[in-house]
Amino acid sequence: MTSLHDFLVSCGECGSPNVERHCDFCNTSLCVPCVGKHLSDSTKTHNAVPFILYKYDRLDYTFVRCPSHIFFRFSNKCERFCKKCNVPVCSKSASRSIHEDHELFLLRRVPPELNEWNVVASYTNVLTNEHELIDKPQITATIDTGFHRLFGVASYKNEGIWTCGNDENVVLFDLKGKKLQNVKTTSMRRPRDIAVTMSGDLVYTDPNARTVNMVKDGQIQELIVIEGWKPYHICCTPSDDFLVTMIRSDEKQSKVVRYNGNEGTEKQTYQFDDKGKPLYSSDRRGKYICENNNLDVCVSDAGSRAIVVVNKAGKFRFRYTGLLNNPFQPRGIATDSQSRILSVDYSSGFIHIVEVDGRFMRHITNCDLYEPYGLCINSFDELFVADQKGNVKRINFLHQITMTSLPDSLVSCGECGSPNVERHCDFCNTSLCVPCVGKHLSDSTKTHNAVPFILYKHDTPGHTFVRCSIDSHSVRGVTRKCDRFCKECNVPVCSTCISGGGHTLHKVFLLRRVPPKKNN
């Protein structure tokens, strides 16, 4: 029977996985040490081309989908195979410590029958501990919002949190608890729920006015007006859609509607299962909502005391009702980077963690949450929970990978602070983005000379670029250097880090060379 092992690429002379060349004449892959030996046979017309130029794929073949990331929106393709673990691995998997010092073989494209998820699903037991749950989650900060009762919390660019409570105010705090901004609803009634778009704009629902509103540049825009229904809870998706739970005015029906977030137009409705039965309870108790990484729509339905999950097409997947003999009153809901579903239980103060397929994993019970309502998770997998004492607790529940920040070495525009620098003024020793060049040169009292930034010599003898920490980003054993720094993730990044898509929409700054003590 054909298996993935039949598609591994190794040196035809010694069996090494580190192939660099391919002999077209012999149809044999070669590692660097064996190239000379192979070419020494003068009886054949060898032609050892770089392996990257070797065309070995069939038109109807494709790369295996990564079993460790199968539930993500865009499943990574596996171009390598770890023989020790007996699993196909994508670039993200290969960079993790579990495959350290393992032989990773190149993997050819495979026929469709080997690419189905049920073939590779057996490999999913090979996991890393980078995103495993901590035995005892830790409260890293408690923010007193000043609200008498707190109902909603939403992460803002990983730099702060928006909160809403028992009045008409929506308040932004930084992660240290400093109040940054206050928005009052146009109806002067409390918003039912809040969310933040991918571009950082605040969105809130107002069931009294039957509207969904966006706060952009400090101005409130009435984005969606709903006839006959009251919008309650909302989430913003990475595709810039809004998912809104709503109750009919007579409180006899409820549904979820997907809107185009840019235009405010209705795209899809989720209301009934395949048998025509309602998916959600019809009362006006909380129906918080989120979208999972696999595009499942997850609703914590307080009226039916359950988490109800449907796929993007609206097909019912499962209903999680808590554990036996433990009344479940779900409120806020969110998902982490590993597609786990987290929801707070108002009655017990516990946080339920559920697998993407609906299986219970564990509770978080040690955070002293008093009647929790709102819940959100930022892109660092930090958990924020709002309770009825007016506090937001910041909770670390996963093992995190952290790196030392290098703020002194970041390069930004000297006029506006933008990371998109293109020029450097030799006279002022100032880097500039394109929009600020004209303004800078307009000062005729100085002899400005704005040269292309690439020509600017900003390096100090003995300094060098930070080395990339991801092993798979090395080229022929040489570690890539990081000439940029992602502020959102607080990590230096190389060109492969950026091209991999993990820093999309993040502010990525140029990084100067740094002294040896900062280069470890």
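Which residue in S9 is the bridge partner of Leu8? In this predicted model, the bridge partner of Leu8 in S9 is Leu107. The pairing belongs to strand S1 (residues 8-9) and strand S9 (residues 104-107), which run together in the antiparallel sense over two bridges. Strand S9 also pairs with strand S7 (residues 80-82), again in the antiparallel sense and over three bridges, and within this second pairing Phe81 has Phe105 of S9 as its bridge partner.

These strands belong to a chain that contains five helices and 42 strands. Of the 520 residues in the chain, 49% are buried, and the accessible surface comes to about 26100 Å², with 47% of that area belonging to carbon and sulfur atoms. Among the contacts in the chain with a separation of 6 or more, 48% are accounted for by residues 24 or more positions apart.

A search of the whole structure for aromatic pairs finds three of them. In one of these, the ring centres of Phe151 and Tyr373 lie 5.1 Å apart and the ring planes meet at 85 degrees, so the pair is classed as edge-to-face, a label applied to planes over 60 degrees apart. The two residues come from distant parts of the chain, given that Phe151 is in strand S11 (residues 150-156) whereas Tyr373 is in the loop between strand S30 (360-364) and strand S31 (375-377), 222 residues apart. Both Phe151 and Tyr373 are buried.

Tyr373 takes part in a further pair, with Tyr346, in which the ring centres are 5.3 Å apart and the planes stand at 80 degrees, so that this pair, too, is edge-to-face. Because Tyr346 lies in the loop between strand S28 (341-345) and strand S29 (351-354), and Tyr373 in the loop between S30 and S31, the pair ties together parts that are 27 residues apart in sequence. Tyr346 is buried, as is Tyr373. Through such ring pairs, Phe151, Tyr346 and Tyr373 are linked into a cluster.

Charged side chains are also found over aromatic rings. Arg190 lies over the face of Phe151, a member of the cluster described above, at 4.2 Å from the ring centre. Elsewhere in the model, Lys255 lies over the face of Trp229, likewise at 4.2 Å from the ring centre.

Two further positions were examined individually. Ser187 is placed in the loop between strand S14 (179-184) and strand S15 (193-196). Ser187 and Ala209, which are 22 residues apart in sequence, are 6.9 Å apart in space, C-alpha to C-alpha.

Glu382, by contrast, is placed in strand S32 (residues 382-386), and its relative accessible area of 16% is under 20%, so Glu382 is classed as buried. The side chain of Glu382 makes a polar contact with the side chain of Asn378, at 2.9 Å. When its neighbours within four places in sequence are left aside, Glu382 is in contact with Cys376, Ile377, Arg394 and Ile395.

Methods
Residues are numbered from 1 along each chain as its sequence is written. This is a predicted model: local features need pLDDT of at least 70, side-chain atom pairs count only at pLDDT 80 or more; totals for chains, interfaces and linings use all residues. Side-chain values use heavy atoms; hydrogens and water are left out. Rings of Phe, Tyr and Trp (its six-membered ring) pair if their centres lie within 6.5 Å; planes under 30 degrees apart count as stacked, over 60 as edge-to-face and the rest as tilted. Helices (H or I, at least four residues) and strands (E, at least two) are DSSP runs, numbered from the N terminus. Buried means under 20% relative accessible area, exposed over 50%, partly exposed in between (1.4 Å probe, protein chains only). A charge sits over a ring if NZ of Lys or CZ of Arg is within 6 Å of the ring centre and within 35 degrees of the ring normal. Contact means heavy atoms within 4.5 Å. Accessible areas come from the Shrake-Rupley method with a 1.4 Å probe; for residues, only the protein chains shown count as cover. Two strands pair if DSSP finds at least two bridges between them. A polar contact is a pair of N or O atoms within 3.5 Å; within protein, one must be able to donate a hydrogen and the other to accept it, and residues adjacent in sequence count only if both atoms are side-chain atoms.
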